[in-house]
Amino acid sequence: MKTNMRLLSIAQVREMGPGEIVPGIRGTLCNIYQQNTGTNSNGAWSLQNVVLRDETGAEIKLKLSGRDALPNSLKGSEVVLTCHEGE
């Protein structure tokens with residue numbers, strides 16, 4: 001993990017405006033949904049929803065895009081998720 005990575009709380013993420021990129025978030029995976037995949041005119045795509053809980057007990061549903069599926073065995077694990085814009 002990068003030492004200069006900015007990690008936001010769920011409360012901070014909820015205060016963000018539409019289209020703002022979350023640099024990173026830490027929490028426990030409470031639920032991991034099945035990944036959906038397909039192909040369209042832009043090529044292959046994948047989307048997977050997860051629910052993350054932070055140390056305050058707040059929960060947020062996140063959508064993971066363009067990555068390998070998270071296995072259900074990670075449920076209950078603490079993770080750091082980082083985000084970026086672009087390819």
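Visitor: How many bridges join strand β3 to β4?
Guide: This is a predicted model: local features need pLDDT of at least 70, side-chain atom pairs count only at pLDDT 80 or more, and totals for chains, interfaces and linings use all residues. Strands (E, at least two residues) and helices (H or I, at least four) are DSSP runs, numbered from the N terminus, and two strands pair if DSSP finds at least two bridges between them. Strand β3 (residues 43-53) and β4 run antiparallel, and the bridges between them number seven.

Visitor: Which residue in the turn between β3 and β4 has a positive phi?
Guide: The two strands form a hairpin, with five residues between them. The positive phi is about 95°, and it belongs to G57.

Visitor: Which residue of β4 stands opposite L47?
Guide: β4 spans residues 59-65. The residue opposite L47 is S65.

Visitor: Which residues make up the covered face of β4?
Guide: In a regular strand the side chains alternate between the two faces of the sheet. In β4 the uncovered face has E59, K61, K63 and S65. The covered face has I60, L62 and L64.

Visitor: Is S46 buried or exposed?
Guide: S46 sits in strand β3. It touches Q35, N36, T37, L64, S65, G66 and R67, leaving out residues up to four places away in sequence; contact means heavy atoms within 4.5 Å. Buried means under 20% relative accessible area, exposed over 50%, and partly exposed in between, with a 1.4 Å probe and protein chains only. S46 has 9%, so it is buried.

Visitor: Which residue's backbone nitrogen lies 2.8 Å from a polar atom of the side chain of Q48?
Guide: Q48 is also placed in strand β3, and its relative accessible area is 2%, so it is buried. Apart from neighbours within four places in sequence, its contacts include I32, L62, D68 and L70. A polar contact is a pair of N or O atoms within 3.5 Å; within protein, one must be able to donate a hydrogen and the other to accept it, and residues adjacent in sequence count only if both atoms are side-chain atoms. The residue at 2.8 Å is L70.

Visitor: How far apart in space are A44 and G27?
Guide: A44 lies in strand β3 and counts as exposed, at 74% relative accessibility. Leaving aside neighbours within four places in sequence, A44 is in contact with G38 and T39. A44 and G27 are 17 residues apart in sequence, and from C-alpha to C-alpha the distance is 29 Å.

Visitor: What is the volume of the largest pocket?
Guide: On a 1 Å grid over the protein atoms alone, a pocket is an open set of points where a 1.4 Å probe fits, with protein on both sides within 12 Å along at least five of seven lines; lining residues have an atom within 4 Å of a point. Points are joined across faces, edges and corners, and a volume is the space filled by probe spheres set on them. For the largest pocket, the volume is about 650 Å³.

Visitor: Which element gives the largest share of the lining of the largest pocket?
Guide: Of the 21 residues that line it, the closest to the centre are K63, S65, T82, C83 and H84. The elements giving two or more residues to the lining are β4 and β5 (78-82). The largest share is four residues, and it comes from β4.

Terms used: Residues are numbered from 1 along each chain as its sequence is written. Side-chain values use heavy atoms; hydrogens and water are left out.
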